[in-house]
Amino acid sequence: MDIRELLNRNDRFAANAGCRITEVDEQHAVAEMTVTAEHLNGGNVCQGGALFTLADLAIAALMNNNGQLTFGISNSIMYVSSAREGDQLRAEACHVANHPKVPSVEVRVTNQEGRLICHVTGIGYRKAVTLSP
């Protein structure tokens, strides 16, 4: 099972938001998105929910990469700077602790210049269920 293909095809919310998994292995996962006019909030910068969706997709890819169904149970996001229309965003998720039942991950979302946009931490719960395509 290729988690990148599975999530890019089945995570319809993230796909409709323009997010896609571009890299995934045992150590990290990367999701990318281009900020469009549809992502902008009333202040004309990228809406926080769009940033969270991008980070959440990277978290899902990393936590589910072992083939065992894992759901998020807690996430926290800290916004550092604004993303603007046209920005190419990259969310890189890395394990903090790859616990067999309760893994934790941190994500750095950066723009095309490497500027930190937000930092996300996530905790998951691994179920005794194998992912199926």
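In this predicted model, His-95 has Val-105 of strand 5 as its bridge partner. Strand 4 (residues 88–97) and strand 5 (residues 104–110) run antiparallel and are paired over seven bridges. Helix 3 packs on the sheet and touches strand 1, strand 2, strand 3, strand 4, strand 5 and strand 6 (116–130). The direction of helix 3 makes about 145° with that of strand 3.

The sheet is open and has six strands in the order 1-2-4-5-6-3, with antiparallel pairing. Strand 1 and strand 3 (68–79) each have a single partner strand, so one side of each lacks a neighbour in the sheet and these two stand at the edges. From one strand to the next, the twist averages 25°.

Ile-21 lies opposite Ala-31 of strand 2.

| Strand pair | Residues | Sense | Bridges |
|---|---|---|---|
| strand 1 and strand 2 | 20–24 and 28–34 | antiparallel | four |
| strand 4 and strand 5 | 88–97 and 104–110 | antiparallel | seven |

Helix 1 (residues 3–10) has Ile-3, Leu-6 and Leu-7 buried. Viewed down the axis of helix 1, its buried residues fall within an arc of 90°, so they line one face of the helix. Strand 1 and helix 3 (48–64) are among the elements that cover these buried residues. At the start of helix 1, the backbone nitrogen of Arg-4 has a side-chain oxygen of Asp-2 within 3.0 Å.

How values were computed. Residues are numbered from 1 along each chain as its sequence is written. This is a predicted model: local features need pLDDT of at least 70, side-chain atom pairs count only at pLDDT 80 or more; totals for chains, interfaces and linings use all residues. Side-chain values use heavy atoms; hydrogens and water are left out. Two strands pair if DSSP finds at least two bridges between them. Buried means under 20% relative accessible area, exposed over 50%, partly exposed in between (1.4 Å probe, protein chains only). The arc is that of the directions from the helix axis to the C-beta atoms. Contact means heavy atoms within 4.5 Å. A polar contact is a pair of N or O atoms within 3.5 Å; within protein, one must be able to donate a hydrogen and the other to accept it, and residues adjacent in sequence count only if both atoms are side-chain atoms. Axes are lines fitted to C-alpha atoms, for helices over the stretch in contact, and angles run from 0 to 180 degrees between N-to-C directions.
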